[in-house]
Amino acid sequence: MTQTATPPPEPPVTPAGRNLIDRISVIWLVPLAALLVVLGVAWQAYSERGPLLEIAFDNASGVRAGTTELRYRDVTVGMVEDVSFAPGLDRVLVKVRVDQEVAPYIDGDAQFWVVRPQVTARGVTGLGTVLSGVYIEGLWDNSPGAAVTQITGLPDAPLERVGQDGLRLMLRAQGRASLVEGAPVVYRGIEVGRIGRPRITADGASAEAEALIFAPHDRLINSATRFWDTSGFSFSLGPAGAQLDFSSVAALVSGGVTFETMISGGTAARAGDDYTVYPEESAARASLFRGDDSEILTLSAVFEDNIAGLTVDAPVEWNGLRIGQVSALNGVVDEDRFGDGRVRLLVDLAIRPGRLGLEGGAGRDTALEYLHESVARGLRARLASASLLTGGLKIELVDVPDAPPAEIETIEGGDLLLPTTESEIADVSATATGVFERINALPIEEVMAEAITLMQNANALVSSSETRDIPGSVNALLDETRGVIGAPEVQALPARLDAVLTEMETLVAQIAQEALASKLSAALSDASAASQGVSDAVSGVPDLVARLDAVAQKAESVEIDALAAELTALIRSADALIAGEGAQALPGTLNTTLEELRHVLAQLREGGVVENATAALGSARDAADTFAEAGRDLPGLIAEAQAVLEQARGTLAGYAADNGVGRDARAAMREVERAARAVSSLARAIERNPNSLLLGR
Amino acid sequence: MRTARDMGLVGCTRCMRVAPLGTALCPRCGSILHSRDPMALQKVWAWWLLGLGCYIPANLYPMLETRTLVSTQSDTIVGGAVTLAQHGNWGVALIILVASVVIPVAKFLVLAGLAFGVWRGTRLSQARQHLLYEIVEYIGRWSMIDVFVVAILSSLVQLQALATITPGRASLFFALSVIFTMLSAQSFDSRMIWDSARPPDDQEDRQP
């Protein structure tokens, strides 16, 4: 571009505006708007700012300006603005800016405390404050009140929680009872209240703590209510046996108080009433009756037997109902009254007339009157066992129907003396000892010892080498037996017997074949007329044959049957011996027997029974042969007999009436008869003792 | 020295195109053409005041709130730098201090000085004034580094219960302050530096 000579055109310059609006840029509206916003925010912040509340604390550990919050129901409703000291430096003033919406409710009744982390047996509270730092908790009611700017904070959290109302009581610990801060007040296992921080009473005698019973449980409290400590546990061994008391593990650790309204008719409790916390339930119960001394009827009783086991507070019962307790135990020596210097047991009985159930109130006098009547009817006091376990005693009032008359005496000092009767004490220890002794006396040890011995013997018997040998011996015996049976001689026996029998058979057949019978018959028929006696004599011959037959049969049945039978009997005897009760000695004897048996068998085999038998059989055969020969001779004999008979017949015919001939013939007949009888006796002898034939003896 | 105005031209401050005087709108980018913006100085002062107004709470309120398990810590800009320096982080402390304090403060001073110089005249040479203006315009955006640091930290460190970093109220004001000062610097018409150096009669002298 070349530079032109012509001057540039005059720039149009807008003349300055006459009025202000033309001369001021609209951009100024921006800072103006910013300013307005700032002012608006500032005004709003200021107008919504709540009042400043000054809370005085004993110490303000952890409270920091600008950080620590004021909370109500765990919602932040304010912020600490300043922490300073009160004049004199005795308190810390914490200035809290409270939200405007809750400020009207903070009135003179409001309570403030600093929430710090706490670790107790009941748990950990305020754990959040470990990390976030402490905060101030406020508690006030739901109605707006007169505004306050200064208020005193509490050193600790109050008993109430938000939304909890209740009855404030003052609990005073008695004896070993302990009050633990924050411990629960438990009723039937439910926490119905809480104990505040305990402190020592002004007189230093006990500790006291405020307790709050939450509504609606506060109606459980009246003037007859008694509190007792349930912390820890108690173990007692008394007339009622062993007792272990503790309510809950939590209470065991952290402590706790429970209560019960034991009698009706109490007046409603008012806030701030004083109550005593007893160490245990029994004490609490006892206190109820200690409270109305006028209603206690005190009687005394003297017991002959001075037996350990009765303690103060032991029950006094009437028909099983507890009407009082033993209030004191004393020894008494009164020679004038009892006649000797023995120490007797004097028991004071605290009887509660109310328990007697009398009509028209249970006054002391009414009760005494009633007791007078009862004693007249036979009411007596006696010692009785209360607990079998501990041997504790109690006093029983019983009606003894045929008791000697007595009455309630009034002795020196105004004491009333109740008549007593025999004690009824179950001596458990004695009974138990008896039982144990009886058990002890049982001969258990002997029985056991015998059983052990028996077992040992059985064991020894079974395991003894001799018993173990039995099977071997039996085996050997059987072997021997088998050997005997298997011996060639025995094997040969049947054959031999067979031969004997054959011979016998032949003999008999010969006899049959000889037709002697017919001849004899003829002879006999001839002789029959002559003499009956001859006939009788001849009639012995078939008998002889029958006998010989029997002999043969015997000889047949004798052989192995008998031997076998005897062996069987022997084995059976051995068997019986083995099965016998004399088992102790058995094996040895058995063995010996078996040994002998074997020996016998060995002898039998070696020596000769078989040979003997064979010989016997041989003899038998000889005998049979002899018989056969005899038989063979028989025709001759018979012929002779025939001749004789013919002679006799001739003679008889000749001398029929001759006495002399008849006499000779009779003598001959007698000879024949004798011969026949001899044969018969021989046959009978053989029949009687066939073995003799066999054995040759 | 001849200016565009002397040559009967008007330059577009946005796209740098020159157009004949009297052209209302830039033929290229369409922005309004002023040979000299009569309201420029007012805009500069308005944004400058706003920026300064925001810079005050930006330094009073905490810039960064660090909540850890056991403590809550809130630091202002200077306080944070001092804490860092106390822990020995001199380098980081210096960077923060320069970026968040030195530069904004210098920017306020320079802008005010330039605007005053244009209005009433100054002893500084035009070249130097222009150099200062260039530096202010260039370096102004770096002040945002602190805002970036806060933004990054607070988005990264969000471990709920353990540790949480949240930007404090100052971060908003600081960002606004930086924005307003940048706008202020942008509103400044650097051509006026050159106008102010020339006596008004000079213009007429040169007119033939």
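## Contacts and make-up of chain B

In this predicted model, contacts in chain B with a separation of 6 or more come to 60% from residues 24 or more positions apart. Chain B has 208 residues, and 29% of them count as buried.

Chain B contains eight helices and five strands. Along the sequence they follow the pattern β-β-α-β-β-α-α-α-α-β-α-α-α.

## Helix α1 of chain B

Helix α1(B) is built from 21 residues. From its first C-alpha to its last it reaches 31 Å, close to the 30 Å expected at 1.5 Å a residue.

Among the buried residues of α1(B) are Trp45(B), Trp47(B), Trp48(B), Leu50(B), Cys54(B) and Tyr55(B).

## Where the two chains meet through helices

Two packed helices are described by the angle between their axes and the distance between the axes.

On the chain A side, the contact is made by Val30(A), Pro31(A) and Ala34(A). They meet Ala46(B), Leu49(B), Leu50(B) and Gly53(B) in α1(B). Sorted by class, this contact of α2(A) with α1(B) has six nonpolar residues, one polar residue and no charged residues.

Strands of a sheet pair through backbone hydrogen bonds, either parallel or antiparallel. Chain B has an open sheet of three strands in the order β4-β3-β5, with antiparallel pairing. At the edges stand β4 (72-75) and β5 (163-167) of chain B, each with a single partner strand, so one side of each is left without a neighbour in the sheet. On average, neighbouring strands of this sheet are turned by 15 degrees against each other, direction ignored.

Strand β3 of chain B, residues 64-68, pairs with β5(B) over five bridges in the antiparallel sense. One of the residues involved is Glu65(B), whose bridge partner in β5(B) is Thr166(B). Helix α5 of chain B, residues 145-156, packs on the sheet and touches β3 and β5 of chain B. The direction of α5 makes about 145 degrees with that of β5(B).

## A buried loop residue in chain B

Phe188(B) is found in the loop between α6 and α7 (191-197) of chain B. Phe188(B) counts as buried because it has 25 C-beta neighbours inside 10 Å, and the cut-off for buried is 20 or more.

Setting aside neighbours within four places in sequence, Phe188(B) is in contact with Ala40(B), Val44(B), Leu111(B), Leu114(B), Ala115(B) and Tyr133(B). Phe188(B) and Ala115(B) are 73 residues apart in sequence, while their C-alpha atoms are 7.6 Å apart in space.

## Strands of chain A

Chain A has an open sheet of seven strands with mixed pairing, in the order β5-β8-β2-β3-β4-β1-β9. Its edge strands are β5 (111-115) and β9 (150-152), and each pairs on one side only. The twist averages 30 degrees from one strand to the next. Within this sheet, β3 (residues 75-85) and β4 (residues 92-98) of chain A pair in the antiparallel sense over seven bridges. Gly78(A) has Val98(A) in β4(A) as its bridge partner.

Elsewhere in chain A, strand β19 (residues 274-278) runs parallel to strand β10 (residues 166-173), and four bridges join them. Strand β15 (residues 225-229) of chain A also pairs with β19(A) in the parallel sense, over two bridges. Val277(A) in β19(A) stands opposite Ala173(A) and is the bridge partner of Phe227(A).

## Backbone details in chain A loops

Arg73(A) lies in the loop between β2 (69-72) and β3 of chain A. Although Arg73(A) is not a glycine, it has a positive phi of about 50 degrees. Arg73(A) is exposed, with 11 other C-beta atoms within 10 Å. Leu89(A), in the loop between β3 and β4 of chain A, has a positive phi of about 60 degrees and is not a glycine either. Leu89(A) counts as exposed, with 7 C-beta neighbours inside 10 Å.

Pro216(A) sits in the loop between β14 (207-214) and β15 of chain A. The peptide bond from Ala215(A) to Pro216(A) is cis, with omega near 5 degrees.

Terms used: Residues numbered from 1 in each chain as written. Chains lettered and ligands numbered in written order. Predicted model: local features only at pLDDT ≥ 70, side-chain atom pairs only at ≥ 80, totals over all residues. Contact = placed C-beta atoms within 7 Å. Nonpolar A, V, L, I, M, F, W, Y, C, P; charged D, E, K, R; others polar. Buried ≥ 20, exposed ≤ 12 C-beta atoms within 10 Å, placed from the backbone. Pairing = 2+ DSSP bridges. Axes fitted to C-alpha atoms, helices over the stretch in contact; angles between N-to-C directions. Expected span 1.5 Å × (residues − 1).
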